[in-house]
Amino acid sequence: MNTNVRSLYHLTMLAVPHLIKTKGNIVNVSSVAGTRSFPNILSYCMSKSAVDQFTKCTALELAPKQVRVNAVNPGVIVTDIHKRGGMDDKAYAEFLERGRATHALGRVGSVDEVADGIVFLASDKASFITGANLPICGGRHVMCPR
């Protein structure tokens with residue numbers, strides 16, 4: 001909760017004066033776990049759900065000042081985060097393979113796919129989007145967990 005909520009709040013409040021002055025925008029990084037329930041990651045799901053709500057509430061607060069606030073909600077993305085958390089290579093490979101069944105598109109995602117969503121939300125092409133939580137999860141958010 002410290003990392004995903006408290007730090008996000010403090011950083012946002014520090015940035016707000018500059019964002020108002022420049023008509024900037026914020027793109028938070030949440031997770032599909034903020035929109036769905038998954039076993040064995042209670043704290044993570046709770047903190048990402050808080051990020052989603054923080055995004056919506058902050059969007060309402062800053063909209064009159066023409067500052068947009070959105071978030072992306074990635075599914076399983078190939079990164080080193082699980083290995084850094086202690087998962088060995090074999091377990092990580094099995095986790096990624098399981099992702100083929102847990103994502104509607106039949107695969108896990110890449111960091112570039114998430115980055116493209118962030119770039120879009122931060123761009124002028126998204127100038128009429130605020131308070132959105134964009135799933136970039138290969139359809140995992142619409143599937144029923146098994």
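Biologist: Where is Asn40 found?
Modeller: Asn40 is found in the loop between strand β1 (25-29) and helix α2. Helices (H or I, at least four residues) and strands (E, at least two) are DSSP runs, numbered from the N terminus. This is a predicted model, in which local features need pLDDT of at least 70 and side-chain atom pairs count only at pLDDT 80 or more, while totals for chains, interfaces and linings use all residues. Residues are numbered from 1 along each chain as its sequence is written, and side-chain values use heavy atoms, with hydrogens and water left out.

Biologist: Why is Asn40 called exposed?
Modeller: Its relative accessible area is 80%. Buried means under 20% relative accessible area, exposed over 50%, and partly exposed in between (1.4 Å probe, protein chains only). Asn40 is therefore exposed.

Biologist: What makes the phi of Asn40 worth noting?
Modeller: Most residues other than glycine have a negative phi. Asn40 has a positive phi of about 70°, although it is not a glycine. Gln66, also not a glycine, has a positive phi near 65°. Gln66 lies in the loop between α2 and β2, and its relative accessible area of 52% makes it exposed.

Biologist: How do you know whether Val72 is buried or exposed?
Modeller: Val72 has 0% relative accessibility, so it counts as buried. Its place is in strand β2. Leaving aside neighbours within four places in sequence, Val72 is in contact with residues including Val27, Val29, Val114, Leu121 and Ile136; contact means heavy atoms within 4.5 Å.

Biologist: Why does Val78 count as partly exposed?
Modeller: The relative accessibility of Val78 is 41%, so it counts as partly exposed. Val78 has its place in the loop between β2 (68-74) and α3 (81-84). Not counting residues up to four places away in sequence, Val78 touches Tyr92, Leu96, Val108, Gly109 and Val111.

Biologist: What makes Leu14 count as exposed?
Modeller: Leu14 is found in helix α1. At 68% relative accessibility, it counts as exposed.

Biologist: How are two packed helices described?
Modeller: They are described by the angle between their axes and the distance between the axes. Here the axes of α1 (residues 2-22) and α2 (residues 42-62) come within 9 Å and cross at roughly 20°. That makes α1 roughly parallel to α2, because angles under 35 degrees count as roughly parallel, over 145 as roughly antiparallel, 65 to 115 as roughly perpendicular and the rest as oblique. Axes are lines fitted to C-alpha atoms, for helices over the stretch in contact, and angles run from 0 to 180 degrees between N-to-C directions.

Biologist: Which residues of α1 meet α2?
Modeller: Among them are Val5, Leu8, Tyr9 and Val16 in α1, which meet residues in α2 including Tyr44, Val51, Phe54 and Leu62.

Biologist: Which residues make up the largest nonpolar core?
Modeller: A nonpolar core is a set of buried Ala, Val, Leu, Ile, Met, Phe, Trp, Tyr and Cys residues joined through side-chain atoms within 4.5 Å. The largest one has seven residues, namely Val16, Leu19, Ile26, Ala59, Leu62, Val67 and Val69. Helices α1 and α2 each supply at least two residues of this core. A second, separate core of six residues includes Val114, Leu121, Ala126 and Ile136.
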